[in-house]
Amino acid sequence: PQPMAPSLNNHHPLEARLRNWDAQQEEQKLQIQRNVYGVGVPLRRQFELKIVDEMDQKMGLAQTLPSIHRDILTGNDSRTDWEDIYPDEIGYEEDFHTRLERIM
Amino acid sequence: MPGLSFDNYLRNKALEDSGVKLPTVTATGTTIVGCKFDGGVVIAADTRATAGPIVADKNCEKLHRMSPKIWCAGAGTAADCEFVTQLISSTLELQSLYNNRPPRVQACLTLLKQHLFKYQGHIGAYLIVAGVDALGAHLFSVQAHGSTDVGPYLSLGSGSLAAMAVLESNWKSQLTKEEAMDLCAQAIEAGIWNDLGSGSNVDMCVMELDKPACLHRNYRTPNVRAQKERSYKFPRGTTGVLQKKTKPVFEVVEEAVTRSDVMEVDA
């Protein structure tokens with residue numbers, strides 16, 4: 001039994017799966033860490049990620065660009081994926097207006 | 001969005017519905033085999049790439065290098081095999097630099113399996129992965145949906161039935177390197193002759209413990225084109241000359257260089 005959603009909203013069946021993939025994998029990793037090491041370890045990891053994201057934002061780095069600190073914390077510094085080969089074209093921090101224009 | 005983009009999905013669907021013929025992907029309707037022997041593993045593949053009913057490449061390379069001692073043979077969509085193997089090969093290299101150890105075949109297999117499962121089989125890469133590492137010689141196969149198999153001999157592709165018939169009849173548990181190479185070549189030839197999607201030559205890669213891997217490109221060439229019976233070259237004078245006109249492209253002027261015209265280099 002195939003799901004009806006792709007035929008109704010004209011999206012490729014993989015789109016929804018891939019959009020949530022990274023977040024789901026992160027969550028799964030944190031859950032495993034919590035089960036094995038206790039609640040302190042994932043909590044600390046999330047604190048560190050928040051600090052790193054704030055630092056990148058202050059430096060003017062857009063969230064979609066690769067950030068070395070974030071990569072080290074999430075374990076992506078020894079991994080390559082399609083995102084590194086076909087990156088997003090925006091290289092600068094875009095303001096609210098261009099972002100809204102793109103969504104509309 | 002970064003990564004594999006779905007921007008053109010709607011457009012492609014609309015084109016398909018309005019009757020435009022989709023371009024046929026170059027597939028490697030293939031025969032690939034792998035066989036373990038005492039002290040190593042050997043993989044072999046044919047060399048035909050098809051685009052629908054047409055042979056797109058008569059001598060393509062289906063044996064890809066994941067790491068110096070881990071090689072894999074790819075069946076399915078040619079581009080998918082090529083790019084997935086290159087991506088995972090880069091990841092393996094990064095990881096081996098990170099860990100300061102040569103990569104393991106199981107690591108390669110797990111990376112491939114998780115990647116292909118993520119894309120639910122839409123990346124059509126059917127691979128036989130083989131290699132030697134610190135734990136010995138290994139032979140695995142991966143399907144496009146992410147399932148994997150282990151075995152002492154494996155075959156994949158459209159010619160896998162023909163190849164498996166040969167492997168099942170002639171495989172025995174203690175093979176020498178020469179016997180394994182011969183067996184694999186025989187299995188690929190069975191696919192070349194009996195399967196329409198496979199043809200041309202046999203490529204082979206032998207990975208032995210404690211020795212560098214050896215790629216035998218065109219190990220057997222049973223499909224050399226016969227020489228044409230007559231030469232179709234036109235003899236000189238076939239076309240009559242009506243008019244001849246010469247035009248100088250540049251003028252050659254000879255000038256004697258005297259001592260004072262020589263360039264001063266030591267000034």
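**View 1. A:D81 sits in the loop between α5 (68-74) and α6 of chain A.** This is a predicted model, in which local features need pLDDT of at least 70, side-chain atom pairs count only at pLDDT 80 or more, and totals for chains, interfaces and linings use all residues. Residues are numbered from 1 along each chain as its sequence is written, chains are lettered from A in the order in which they are written, and side-chain values use heavy atoms, without hydrogens and water. Helices are DSSP runs (H or I, at least four residues), numbered from the N terminus. Leaving aside neighbours within four places in sequence, A:D81 is in contact (heavy atoms within 4.5 Å) with B:L87, B:H115 and B:K118.

**View 2. A salt bridge joins A:D81 to B:K118.** The closest N and O atoms of the pair are 3.1 Å apart. A salt bridge here is a side-chain nitrogen of Lys or Arg within 4 Å of a carboxyl oxygen of Asp or Glu. The rule finds one salt bridge across the interface of chain A and chain B. The side chains of A:D81 and B:K118 also make a polar contact of 3.1 Å. For a polar contact, a pair of N or O atoms lies within 3.5 Å; within protein, one must be able to donate a hydrogen and the other to accept it, and residues adjacent in sequence count only if both atoms are side-chain atoms.

**View 3. Chain A meets chain B.** In this interface, 20 residues of chain A touch 23 residues of chain B. The two chains bury about 2,300 Å² between them, 67% of it on carbon and sulfur atoms. Buried area is the accessible area (1.4 Å probe) that two parts lose on being put together, summed over both. Five residue pairs are in polar contact across the interface, both residues at pLDDT 80 or more. On the side of chain A that touches chain B, α2 (13-19) and α6 (82-85) of chain A each give two or more residues. The largest share, five residues, comes from α2(A). That side divides into eight nonpolar, five polar and seven charged residues. Ala, Val, Leu, Ile, Met, Phe, Trp, Tyr, Cys and Pro count as nonpolar, Asp, Glu, Lys and Arg as charged, and the others, Gly among them, as polar.

**View 4. A:D53 pairs with A:R70 within chain A.** Their salt bridge brings the closest N and O atoms to 2.8 Å. A:D53 lies in helix α4 (residues 40-59) and A:R70 in helix α5 of chain A, 17 residues apart. Over all chains, the structure holds 15 salt bridges.
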